[in-house]
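Here is a friendly briefing to read with the structure open beside you.

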Amino acid sequence: MKKKLLLSGAAALGLCAPQFALAQDEDHDHADDEIIVTGTPIAHPEHESIIAADVLTAEELASRGEASLGELLRQQPGVSSSFFGPAASRPIIRGLGGDRVSVLDAGIGSIDASTVSDDHAVAVDPALAQRIEIVRGPATLYYGSSAAGGVVNVFDGRIPDHEPEDGIDGALRTSLSSVNDGVEAAGGFDALLGRSGDTSFVFHGEGYYRDNDDYDIPGFAESDIFRAAEEAEEHEDEDEDHDHEHEEEEEAFGAVPNTAIEAKGGAVGGSIIFPDGFIGVSAKIARSLYGVPGHHHHEEEEGEEDHDHEEEEHGEEAVNIDLEQERYDLMGEFNKPFLFIDTTKIRFGYADYTHQELEGDEIGTTFNNKGYEGRIEFLEKEFGNFRGATGFQYKHRNFEAIGDEAFTPPNITDQFGVFTVREYETGNWHAQVSGRYEHTDTEAESVGLSRSFDAYSISAGAGVEPSENLFFGVNLLRTERAPAPEELFSNGPHLATNAYEVGDPTLGKETARGVETTLHGEYGPLSFTVNGFYTDYKDFVALIPNGDEEDELPVFEFVAHDAVFKGFEAQADADLFSTGAFDVSARAQVDYVRAKFKNSGDVPRIPPLRTVLGLEARSSHIDLRGEVEIAAEQDRIADYELPTDGYTLVNLAATWRPGGEDHGLSVQLRADNVTNEEARLSTSFLKDVAPLPGRNIKLTLRGEF
């Protein structure tokens, strides 16, 4: 089914999240669906998007049901995952992750510690998402420096923007998984509380629970190449006690230890809806306890009596993270024109986040992050063929890490941004120019360091429809990103990544110059999209090992090198034929990223060439789907990085709707990784000690009302 991608400021602020009942595609004949996409504050339904973007609907999200955003989105074109276990996996877009990919909660940052380290989970849980929008490529102009690589915008509708049909609507879902003995349940509803004239009052409630054990794998947790390297290193050490080492570090087989998850959370919200818009608030709490896979040595202090005996008994301590976030949000839209303004939109969020890294029963390190973020956008009245919008954004982050492994000192960051977008449209042509100014102050008082940055970003794009069935767009950009506090101030051991991380307080702005192109086409039963990109970075900041050791850990430094990222995503959908009650369709996609430092080799942890092929048969009562994901080996690697083997994953799914497509009940049976293939992600720090899960049978029951 071809999905027409539209751009809307309502989506950019998270003001158009669909209701729970909107989960099934109403038209199974694969007609065009209009989808609102995060990317620009101006809505223009007349033409296609020059921005590479995708949308996952409620139905697609419910059928996948992963515990983290990274794994949930991993098969989207151009998207991979940092995969630090099933709980802590952030999306990687076109080879970029961390502080360059902004995870938004309905248009506002997640306000957590997930960009500080790959083992820190995103506080936005996908269990209750109604829609997720993905922008591939720089979204700096609208969301700031942290969106230099792309945006993942999650909408759960906890602030209603419309009345529910028949006074109430909602959805419930429960799932069972075999690979980790997992149980998951989630649900939410909107209810009309009452009306006063033209004004109505709507309440929203939601909650979720997840409990998973360690997940199964087809063989050893450590990769063959990693085990061979370890054995070679042991043979080189003539003083190594091989028998004792084998006894103390037994290799994990059949499951990845310390990957269990227990998570729960919920939210309440309410809105006042009036003819010219709405305003609403919400409160949310999220709590999770999850294991961090990999090796984490607990060492006693030197000089203690019986040190050798204690360390022998203690061995390795499993590290678990106990995470909690309280969050409060305000959202509003006012469509009453005044002066040259047509619509005003506001969005504000405050969060108090904390997580403790538990080494056995002891608290090792505590991370606290209190912050808030606000946006206001003014959509201007149209003037002939011109339209425009202007927005303001402010962020505040107060971050601290307490404990022996607090590798980043406490720091406070304030950021202010203002942006504007101008558009012109005539005939089959559409042009857009955007600019943003951003000022960032960051200070680590405990180490006497502070930095300020003024960043300027601009883009200019044009799109043309040479025929009714074809659209071509090109976008030129120059963006600047201020370095993150972790890149500036880090200096300490980070056992989760098995590294001693050292920042550089002298880092300057990271500047990107690039070009992106997109081609959309639709010819009868066939539709396709091809996106290409080329980005030249000046002073690209990366975490690179330097060959030294500190506290028996390899030293990784944040350094700036010039780099080039280039690649493409291509996707094609085809309606093949009908047989009986079934309409059969197919999908094929391929994506590729090549990232290289200009003077010093390859950029680390880059995804390989990947292809996904899918076949689906749909009817009013039964859907059948199969897909194959083929990833090539990744041998274009950085220094001290090991190559990653390719893999082929086969997934199957069957969905039954007892009452047909007009009723809300569905049962799905999925079989993921049917062949029990060993698969490792080259984008993960843990690729050599934690493969993806093995064969998984998952049963999901979903009901709507």
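The notes below cover strands, aromatic rings, salt bridges and a surface patch.

Please keep in mind that this is a predicted model.

**Strand E29 and its partners**

- The hairpin they form has 2 residues between the strands, with Gly580 at a positive phi near 60°.
- E26 and E29 pair in the parallel sense over 3 bridges. Here Tyr500 stands opposite Val555 in E29.
- As background, strands of a sheet pair through backbone hydrogen bonds, either parallel or antiparallel.

**A salt bridge between bridge partners**

- Which residue of E30 is the bridge partner of Asp573? The partner is Arg587.
- The side chains of Asp573 and Arg587 also meet, in a salt bridge of 2.6 Å from N to O. This pair links distant parts of the chain, with Asp573 in strand E29 and Arg587 in strand E30 (residues 582-597), 14 residues apart.
- Is Asp573 buried or exposed? Asp573 has a relative accessible area of 10%, so it is buried. Arg587 is partly exposed, with a relative accessible area of 32%.

**Other salt bridges**

- Glu480 forms a salt bridge with Lys509, and their closest N and O atoms are 3.2 Å apart. Glu480 lies in strand E24 (residues 470-481), while Lys509 is in the loop between strand E26 (499-502) and strand E27 (510-523), so the pair ties together parts that are 29 residues apart in sequence.
- Glu480 counts as buried at 7% relative accessibility, whereas Lys509 counts as partly exposed at 27%.
- Arg158 and Asp156 form a salt bridge as well, with the closest N and O atoms 2.8 Å apart. Arg158 is buried at 3% relative accessibility, and Asp156 is buried with a relative accessible area of 11%.

**Aromatic rings**

- A pair of aromatic rings is described by the distance of the centres and the angle of the planes.
- Phe367 in strand E19 (residues 362-380) and Phe399 in strand E20 (residues 386-403) are 32 residues apart, and their pair links distant parts of the chain. Phe367 and Phe399 are buried.
- Phe540 and Phe565 are another tilted pair, with ring centres 5.2 Å apart and planes at 45°. Phe540 belongs to strand E28 (residues 526-550) and Phe565 to strand E29 (residues 553-579), 25 residues apart. Both of these residues, Phe540 and Phe565, are buried.
- Phe540 and Phe565 share one aromatic cluster with Tyr537 and Phe597.
- What sits over the ring of Phe540? The charged end of Arg100 does, 4.0 Å from the ring centre.
- Likewise, the charged end of Arg227 sits over the ring of Phe220, 3.8 Å from the centre of that ring.

**A five-stranded sheet**

- An open sheet is formed by 5 strands in the order E3-E8-E9-E6-E7, with mixed pairing. Its edge strands are strand E3 (52-56) and strand E7 (108-109), each pairing on one side only.
- Strand E6 (residues 101-105) pairs with strand E9 (residues 150-155) in the parallel sense over 5 bridges. Val101 has Gly150 in E9 as its bridge partner.

- Leu176, Val183, Leu669, Ile697 and Leu699 make a nonpolar surface patch of about 410 Å².
- Leu176 is found in strand E10 (residues 168-177) and counts as partly exposed at 47% relative accessibility.

Conventions:
Residues numbered from 1 in each chain as written. Predicted model: local features only at pLDDT ≥ 70, side-chain atom pairs only at ≥ 80, totals over all residues. Heavy atoms only, no water. Helix = DSSP H or I, 4+ residues; strand = E, 2+ residues; numbered from the N terminus. Buried < 20%, exposed > 50% of the residue type's maximum accessible area, 1.4 Å probe, protein only. Phe/Tyr/Trp six-rings, centres within 6.5 Å; stacked < 30°, edge-to-face > 60°. Lys NZ or Arg CZ within 6 Å of the ring centre and 35° of its normal. Patch = residues over 30% accessible without salt bridge, like charges linked within 9 Å, V, L, I, M, F, W, Y side chains within 5 Å. Areas by Shrake-Rupley, 256 points an atom, 1.4 Å probe, with all protein chains shown as cover. Salt bridge = Lys/Arg side-chain N within 4 Å of Asp/Glu carboxyl O. Pairing = 2+ DSSP bridges.
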